[in-house]
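Good morning, and thank you for coming. Please look at the structure on the screen before I go through its helix, its core and its charged side chains.

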Amino acid sequence: MAVFGHDIVREGHLVEHEPLLCVSSSFGCYDGDKLYLEWDLARPAGSAAEVARDGLRRLYPGARAVHRI
């Protein structure tokens, strides 16, 4: 499983092809869609979908989501 970023993903993250997880943080854009990954590296990652579900956190919890419902 690999996590990468820098690509624009309006909803905050994308699992397009397992085992790849794209996280769009864009720290300069203040909106509720921006995410970061918090993961205990001692925990095995079974899939990109699992890591997205269990490890992604909102970068700006108080900001309104723009693209995500």
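The cover over the buried residues of α1 includes β2 (13-14), β3, β4 and β5 (56-58). Here buried means under 20% relative accessible area, exposed over 50%, and partly exposed in between, with a 1.4 Å probe and protein chains only. Helices (H or I, at least four residues) and strands (E, at least two) are DSSP runs, numbered from the N terminus. The buried residues in α1 are Ala48, Glu50, Val51, Ala52 and Gly55.

A word on the source: this is a predicted model, in which local features need pLDDT of at least 70 and side-chain atom pairs count only at pLDDT 80 or more, while totals for chains, interfaces and linings use all residues. Residues are numbered from 1 along each chain as its sequence is written, and side-chain values use heavy atoms, with hydrogens and water left out.

Next, the core. The largest nonpolar core consists of 8 residues, namely Leu21, Val23, Leu35, Trp39, Ala48, Val51, Ala52 and Leu56. At least two residues of this core come from each of β3 (20-23) and α1 (48-55), and α1 gives the largest share, 3 residues. Such a core is a set of buried Ala, Val, Leu, Ile, Met, Phe, Trp, Tyr and Cys residues joined through side-chain atoms within 4.5 Å.

I turn to the charged side chains. How many salt bridges does the structure hold? There are 3 salt bridges, each defined as a side-chain nitrogen of Lys or Arg within 4 Å of a carboxyl oxygen of Asp or Glu. Arginine 43 pairs with glutamate 50 at 3.0 Å, N to O, and with aspartate 54, where the closest N and O atoms are 2.8 Å apart. The latter pair links distant parts of the chain, since arginine 43 lies in the loop between β4 and α1 and aspartate 54 in helix α1, 11 residues apart. Aspartate 54 also meets arginine 53 in a salt bridge of 3.0 Å, N to O.

Arginine 43, at 36% relative accessibility, is partly exposed, and aspartate 54 is partly exposed at 27%.

Terms used:
Contact = heavy atoms within 4.5 Å.
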